[in-house]
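Please view the sequence and structure below before reading on.

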Amino acid sequence: MRSHQSELLKVVQAIAAGEAAEVRDVLAAVTPGGGKSLLPVLAAQALIAAGICERICWVVPRDSLRLQAEEVFADPAWRQALGHDLSVRAADNAPGDPCRGLAGYVTTYQGIAAAPDLHLAAFRRHRYLLVVDEVHHLPGLNEADTAGGRDAVQDVAAAWSAPIEPLLALSAVRLLLSGTLERADGRRILWLPYRRGTGGRQEVDLLAPGWAVVGYSRAR
């Protein structure tokens, strides 16, 4: 198992055992091709078994990734190696429970934006582990975005952030995946904590209270 996967497993096991009760946000900063697709399986297995979470919702940026995420949970080799029996479904926005009796569901940024009330209802009924894949695509919201102002209309990414932010607030534990901690436009990334760095430049606060950070640095 790769180092970032082992690091994440230690973090979620500590949360599950009550040894890191203050941690509810985990940032996995993993380089592209680093095998981050297994991280939601590891987190869900530990947190659902411990009763910290009841279900998992994995949000991906592209529709093609929904089936891939479903297949990661169904992979027989990993099911045997990890000893898990969790299954998730690549969900659409049909009315009712998006999990359909399974341990969770996979949807897209666009899917949540198209039916925000459906997903809010699911999160209000159950304690979710929320996994946001490639979270750097989602900009942090300013007052105009939140109020549905001009920026929210013109900025598709901000229009995705607005309905996802309430799910982040409602979820029991959050696992945010990204290969980069910077956006090309210089805006903050949704939900991540920031501080003023060298020269007054804002940067992700990797030591923020309540957060655990795992994965590869550029040097590693």
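Strand 2 (residues 55-60) and strand 5 (residues 128-132) pair in the parallel sense through five bridges; two strands pair if DSSP finds at least two bridges between them. The model is predicted: local features need pLDDT of at least 70, side-chain atom pairs count only at pLDDT 80 or more, and totals for chains, interfaces and linings use all residues. Residues are numbered from 1 along each chain as its sequence is written, and side-chain values use heavy atoms, leaving out hydrogens and water.

**Sheet**
- Arginine 55 has tyrosine 128, in strand 5, as its bridge partner.
- An open sheet is formed by seven strands in the order 3-4-2-5-6-1-9, with parallel pairing; strands (E, at least two residues) and helices (H or I, at least four) are DSSP runs, numbered from the N terminus.
- Strand 3 (88-90) and strand 9 (211-215) are the edge strands, each pairing on one side only.

**Aromatic rings**
- There are four aromatic pairs in the structure; rings of Phe, Tyr and Trp (its six-membered ring) pair if their centres lie within 6.5 Å, and planes under 30 degrees apart count as stacked, over 60 as edge-to-face and the rest as tilted.
- Tyrosine 105 and tyrosine 128 have ring centres 6.1 Å apart and planes at 85°, so this pair is edge-to-face.
- This pair joins strand 4 to strand 5, its residues lying 23 residues apart in the chain.
- Phenylalanine 123 and tyrosine 128 are stacked, because their ring centres are 4.3 Å apart and their planes at 15°.
- Ring pairs link Tyr105, Phe123 and Tyr128 into a cluster.
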